There are 2 protein chains.
Amino acid sequence: MINPKFKAMLSARSVIRELSEYATQRGEEIGYENVFDFSLGNPSVPVTEGYTRAVIDIHEQMEPVELHGYSPSLGNTKVRGIVAESLKKRFGIPYDTRHIFMTSGAAGALAHALRAVTVPGDEVLVFAPFFPEYIPYINETGANIKVVDADLENLQINWEALDKAMNEKVSAVLINSPNNPSGVVYSEETLVRLAGYLGECQDRYGHEIFLISDEPYREIVFDGGVVPYPSRYYDNTLSCYSFSKSLSLPGERIGYVAVNPKAVDADILAIIFGQISRGIGHNCPSSSVQLAVASVIEETSDLSVYETNRDLLYDCLTDLGVDVIKPAGTFYIFPKALGGDAAEFCRAALKYDLVLVPSDNFGVEGFFRMAYCLDTEKVERSIPVLRKFITEYKK
Amino acid sequence: MINPKFKAMLSARSVIRELSEYATQRGEEIGYENVFDFSLGNPSVPVTEGYTRAVIDIHEQMEPVELHGYSPSLGNTKVRGIVAESLKKRFGIPYDTRHIFMTSGAAGALAHALRAVTVPGDEVLVFAPFFPEYIPYINETGANIKVVDADLENLQINWEALDKAMNEKVSAVLINSPNNPSGVVYSEETLVRLAGYLGECQDRYGHEIFLISDEPYREIVFDGGVVPYPSRYYDNTLSCYSFSKSLSLPGERIGYVAVNPKAVDADILAIIFGQISRGIGHNCPSSSVQLAVASVIEETSDLSVYETNRDLLYDCLTDLGVDVIKPAGTFYIFPKALGGDAAEFCRAALKYDLVLVPSDNFGVEGFFRMAYCLDTEKVERSIPVLRKFITEYKK
């Protein structure tokens, strides 16, 4: 018998995917260059030449049996060491090989981190607005997602809402900075206060509360800013990373979990992740992709296009009087929908071939998300259309 | 708090892994060439040159943003079509793109197949002897593994034991032909009878019973024989494949599930697998590896070395009077341990630097497994040592 739970999921379509499919279909009618598709977060800049060179070199030079042989289930030991060394150098945390677990992207990283520090029935807090895939990521572990209402002022943390949501069943708190969908980066002040609060809660409830930090956008930061690294502020932190965005490699499924060396059971957590893999069919990411990213560990794609696009859109929106927080990173912007009804607003935008995503799926109402991982030329062409739409929508 | 279930798994070490680690350590003492390590099933022949050429060509010629972009979660559509076409041609089953779901190896394939057709509390039957990882693969879905006692005569199916194990809670039956650890291939007669029996049980219990067929060794078959393809005999079959052994690519984590087009819900099962991925962190296998295997879909590594090794070991063992079924495929052989105590027998073998795996972990007692994915030169050198050990053990 087909599992009815998964069968039922088929009817709950993803709004983002539906909009993206609409954009593709519309593109076939009027030419894709005429559809301003801000729906999907698929990187628009190429991987570095160094990466491509590394893949070719590895395949030309290494013994195939060694290159393609079983990687240890925690990841290639040398690659784990290189990741540890790089993080240590950048963030001053004394990571070691044993604290790094290689995964199939951030989804794989979260699947392991969440299972390691929760038992069925536990609660995992997430902060609105949040990436909607957190719902299946968390709920399929047996733990339950609980949403903390948004800080609608700054999109940092709504402390009152956090305190209301917190209870003894909470075993993990999931954050995402820089944030999808808002582009907001948690400030040092926010992280210090969060660490203090979680520390108090650990004492109050007598058990650990892990901070799971989802960081696929860590390297996309604007205005010469720095993304405060959450693990520096709170020991029980599991940092989940993906090279999808920094190296424009989403299809290669490569990332890791980095366990703070001061976390509880820090020396065995990666081994525990390895045990978790046995039950979810993970094993390890592609051995050749592991080697290739390790050889360009300090490289990123040319991410400056996202800042250029951010400036174009932010300036246009503020000029039009739209209420929006300036993204400090990512390739998203999250303005307030005019009139407050995001679904209605985004529906109206489609008439201008502007594909925007209403915020309801991200856990808040009245906003919309634009993913500006597009050629700047296209963003430039979208500006007059956006102006026209918003001006006419105001009437 | 660290999940205590996974923490407890750390103390339950894998015997195979322990033996392999022992072999490595012993190799450091006396030279690895002097350790006859038959513990691990890691392919010993290189991938084809065609595969390596394909990886290089893809990286040299394709647009990086297209090559490394998000693959659809069911797998690259073109790759799925190529797999379907190849299976259709070989096995006469009218597979189509929609019946193929690309996975991270056979472990990924089984993780999806098992979850799709069971609900927590269901039972999944496996036949002894079986690959020990089936235990976490199955039990972590929420369903429970139930072992059918072995047919100790032929290592086909013990029909009486199967009928004893069968009950209304059984929603899937997992087979593995050619078999790890025995090298036995299920005959057409076995598969016809199994299909008839499962059909009767479906009628009796009023629900589907899926046949999940784990086939990583499908292409390693000896004496010019053919491996009967289970899906040809039973409609509700999910064939789980990995390129790990046929192309010697275990580290690349690439495989698929092929849904029999006549299975219940055949047209939506791959989409259901896609929903399951969202909860277990799967997404899809590496996009470049998908393209590379698709371009050499009809190729295999030179697998003839395994038949040569099989002959050497089988002839030696039978000559020594050891009771053993001649493997028809894989790179394993599964003889009876002299004296009946497999653990004691394998311990004694270590004094000769012969690393053999006792059968208890595979669900039967009194056998041992030898993985002969080694250079033939080494297998040849092991023969006099094996002779000496067994002759002296008999005394």
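User: In this predicted model, how many residue pairs are in polar contact across the interface of chain B and chain A, and what makes a pair count as one?

Analyst: The rule finds 27 residue pairs in polar contact across the interface of chain B and chain A, with both residues of each pair at pLDDT 80 or more. A pair counts because an N or O atom of one residue lies within 3.5 Å of an N or O atom of the other, where one must be able to donate a hydrogen and the other to accept it.

User: Which helices supply the side of chain B that touches chain A?

Analyst: At least two residues each come from α1 (4-9), α3 (49-61), α4 (64-67), α6 (105-116), α7 (134-139), α10 (266-280) and α11 (287-295) of chain B. The largest share of that side, 9 residues, is supplied by α10(B). By residue class, the side of chain B that touches chain A divides into 37 nonpolar, 23 polar and 12 charged residues.

User: Why is the meeting of Glu133(B) and Arg278(A) called a salt bridge?

Analyst: The side chains of Glu133(B) and Arg278(A) meet at 2.9 Å, N to O. The cut-off for a side-chain nitrogen of Arg and a carboxyl oxygen of Glu is 4 Å, so the pair qualifies as a salt bridge. Across the interface of chain B and chain A, the rule finds 4 salt bridges.

User: What area do chain B and chain A bury between them, and which residues of chain B lose the most?

Analyst: The two chains bury about 5800 Å² between them, with 59% of it on carbon and sulfur atoms. In chain B, the most area is lost to chain A by Met1(B), Tyr70(B) and Arg278(B), together 13% of what that side buries.

User: How do you know that the copies meet through the same surface?

Analyst: Of the interface residues of chain B, 100% are also interface residues in chain A, so the copies meet through the same surface. In contact across this interface are 72 residues of chain B and 72 residues of chain A.

User: Why do β11(A) and β12(A) count as paired strands?

Analyst: DSSP must find at least two bridges, and 2 bridges join β11(A) to β12(A), residues 368-371, so these antiparallel strands count as paired. In β12(A), Phe368(A) is the bridge partner of Pro358(A).

User: What makes β9 and β11 of chain A edge strands?

Analyst: The open sheet of 3 strands in chain A has the order β9-β12-β11, with antiparallel pairing. Both β9 (332-333) and β11 (357-358) have a single partner strand, so one side of each is left without a neighbour in the sheet.

Notes. Residues are numbered from 1 along each chain as its sequence is written. Chains are lettered from A and ligands numbered from 1 in the order in which they are written. This is a predicted model: local features need pLDDT of at least 70, side-chain atom pairs count only at pLDDT 80 or more; totals for chains, interfaces and linings use all residues. Side-chain values use heavy atoms; hydrogens and water are left out. Contact means heavy atoms within 4.5 Å. Buried area is the accessible area (1.4 Å probe) that two parts lose on being put together, summed over both. A polar contact is a pair of N or O atoms within 3.5 Å; within protein, one must be able to donate a hydrogen and the other to accept it, and residues adjacent in sequence count only if both atoms are side-chain atoms. Helices (H or I, at least four residues) and strands (E, at least two) are DSSP runs, numbered from the N terminus. Ala, Val, Leu, Ile, Met, Phe, Trp, Tyr, Cys and Pro count as nonpolar, Asp, Glu, Lys and Arg as charged, and the others, Gly among them, as polar.
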